[in-house]
Amino acid sequence: MPEVHEVGELGSSVDGVWKLVGDFGGMVSSMGIPVELEGEGIGQTRTISMGAVPTVERLEALDDDGKRLQYSMVASALPVANYLSTIQLSPAGEGRTKVDWSSTFDVTGELSEEEGVRIVSGIYKGGIAAMQARFGA
């Protein structure tokens, strides 16, 4: 089962970043991507309308004290299955935050594991870059 792990630092406090990341729809919508939420709390879904096929993700765990969010992918154009992703925030010095974004998944279709890792890694790098643009690097 392939794994992806990307790390970045942000120029804002953990609590400040968590206000955005801990809001299941907040991080996606802050990047200007249309997102629709359904339900509340664990089990809530977000539909991300980007590309020809919307992506549907489900909130699996939310730990406000530990600044950790975990979600699965219910439907997507990405050729992956059993996708489980975790975003973990931690202090990285005075007024700074470390972002650990990781996942495990199975590659489906004709995609190689290396290609699947490259695609998911690119998504995480883009997301971290968008957070750095908002909060500073």
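In this predicted model, helix α3 supplies the largest share of the lining of the largest pocket, namely 5 residues. The pocket has a volume of about 480 Å³, and 24 residues line it. Besides α3, which spans residues 113–135, the elements that give two or more residues to this lining are α2 (26–30), β3 (45–48), β4 (55–63) and β5. Nearest the centre of the pocket lie I48, M50, T55, E57 and I123. Sorted by class, the lining consists of 17 nonpolar, 5 polar and 2 charged residues.

Strand β5, one of the contributors to the pocket lining, covers residues 68–75 and pairs with strand β6, residues 80–91. The two strands run in the antiparallel sense and are joined over 5 bridges. They form a hairpin, with 4 residues between them. Within this pairing, Q70 has T86 of β6 as its bridge partner.

Strand β6 also pairs with strand β7, which comprises residues 97–107. This pairing is likewise antiparallel and extends over 10 bridges. Here L84 stands opposite T104 of β7. The hairpin of β6 and β7 has 5 residues between the strands, and G93 in this hairpin takes a positive phi near 110°.

Aromatic contacts were examined next. A pair of aromatic rings is described by the distance of the centres and the angle of the planes. The model contains 4 aromatic pairs. In one of them, the rings of Y71 and Y83 have centres 6.1 Å apart and planes at 45°. This angle falls between the limits of 30 and 60 degrees, so the pair of Y71 and Y83 is tilted. Because Y71 belongs to strand β5 and Y83 to strand β6, the pair ties together parts that are 12 residues apart in sequence. Both Y71 and Y83 are buried.

The charged end of R46 sits over the ring of F24, at 4.1 Å from the ring centre. The charged end of R46 also sits over the ring of Y71, where the distance to the ring centre is 4.8 Å.

Notes: Residues are numbered from 1 along each chain as its sequence is written. This is a predicted model: local features need pLDDT of at least 70, side-chain atom pairs count only at pLDDT 80 or more; totals for chains, interfaces and linings use all residues. Side-chain values use heavy atoms; hydrogens and water are left out. Two strands pair if DSSP finds at least two bridges between them. On a 1 Å grid over the protein atoms alone, a cavity is a set of points where a 1.4 Å probe fits but cannot get out, and a pocket is an open set with protein on both sides within 12 Å along at least five of seven lines; lining residues have an atom within 4 Å of a point. Grid points are joined across faces, edges and corners, and a volume is the space filled by probe spheres set on the points. Ala, Val, Leu, Ile, Met, Phe, Trp, Tyr, Cys and Pro count as nonpolar, Asp, Glu, Lys and Arg as charged, and the others, Gly among them, as polar. Rings of Phe, Tyr and Trp (its six-membered ring) pair if their centres lie within 6.5 Å; planes under 30 degrees apart count as stacked, over 60 as edge-to-face and the rest as tilted. Buried means under 20% relative accessible area, exposed over 50%, partly exposed in between (1.4 Å probe, protein chains only). A charge sits over a ring if NZ of Lys or CZ of Arg is within 6 Å of the ring centre and within 35 degrees of the ring normal.
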